[in-house]
Structure formats: structure tokens, C-alpha cells
Amino acid sequence: LQQALYFRLGEHLLAAGEGLRQVVTVPGLTRVPRVGPELLGLFSVRGEVLPLIDLRPLIGEHPAALGRGAGQAAALLEHGGRRIALLLDEVLGFF
């Protein structure tokens, strides 16, 4: 059985399994001008710059407040050789 990360995002309970690499705390964000509300900014993990994505606008919720992200948990995912980080409200556990 594959282990999955279960997390809360707004009112939604979601899971990430395949492609999940790790969960990290976002140290700080660099804003990117003129992008959609789903891209909160960029941050570095062990020298790799990753986009921090907010799924809220994509699932019909209000986007995260401006300035949100630093100090919060993010799930690092990889697919097709590309890596992104998803902002998490609350980590519920690994099952």
C-alpha cells in the first residue's frame, strides 16, 4: 500500500499520494508580479527554487490572504520531473 498525506485546505479534506516527496515549512516567499492568485510566490528548499501553489482558487474557495505562506506547511510534489509545493492549512497525518 502506498502512503498518502491527508491535509485540510479551507473546508476541504484532501490527500496527496503518488509524487509526494516531503512536507516542509516555508521559510519565506519571493513574490512574482502579474501572476494568478494560485501562485503565492517562490521559495528555496536546499538550493532548489520552487513555486508555492494555493489550490483554493482552483477548488472554488477564496485565495489565501496576501502574505500567507511563510511559516506554513507545504507538500513538495514531483510529477514528470517537475517539482511544486502546495500550501497546506493543516496536516492531518500519513495513512
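**View 1. The hairpin of β4 and β5 in the predicted model.** Two residues lie between β4 and β5, which form a hairpin, and arginine 46 in the turn has a positive phi of about 50 degrees. Strand β4 covers residues 39-45 and strand β5 residues 48-53; they pair in the antiparallel sense over six bridges. Glutamate 48 in β5 is the bridge partner of valine 45. Strands (E, at least two residues) are DSSP runs numbered from the N terminus, and two of them pair if DSSP finds at least two bridges between them.

**View 2. The open sheet β2-β1-β8.** Three strands in this order make up an open sheet with antiparallel pairing. Because β2 (12-16) and β8 (90-94) each have a single partner strand, they stand at the edges, and one side of each is left without a neighbour in the sheet. Neighbouring strands of this sheet are turned by 25 degrees against each other on average, direction ignored; the axes are lines fitted to C-alpha atoms.

**View 3. Pairing of β1 with β2.** Strand β1 (residues 5-9) runs antiparallel to β2 and is joined to it by five bridges. Phenylalanine 7 has leucine 14 in β2 as its bridge partner.

**View 4. A nonpolar surface patch.** Tyr6, Leu13, Leu92 and Phe95 make a patch of about 440 Å². Areas come from the Shrake-Rupley method with a 1.4 Å probe. Phenylalanine 95 lies in the segment after β8 and, at 60% relative accessibility, counts as exposed (over 50%).

Residues are numbered from 1 along each chain as its sequence is written. In this predicted model, local features need pLDDT of at least 70 and side-chain atom pairs count only at pLDDT 80 or more, while totals for chains, interfaces and linings use all residues; side-chain values use heavy atoms, with hydrogens and water left out.

Terms used. Helices (H or I, at least four residues) and strands (E, at least two) are DSSP runs, numbered from the N terminus. Axes are lines fitted to C-alpha atoms, for helices over the stretch in contact, and angles run from 0 to 180 degrees between N-to-C directions. Patches are made of residues with over 30% relative accessible area and no salt bridge: like charges are joined within 9 Å, nonpolar side chains (Val, Leu, Ile, Met, Phe, Trp, Tyr) within 5 Å. A salt bridge is a side-chain nitrogen of Lys or Arg within 4 Å of a carboxyl oxygen of Asp or Glu. Buried means under 20% relative accessible area, exposed over 50%, partly exposed in between (1.4 Å probe, protein chains only).
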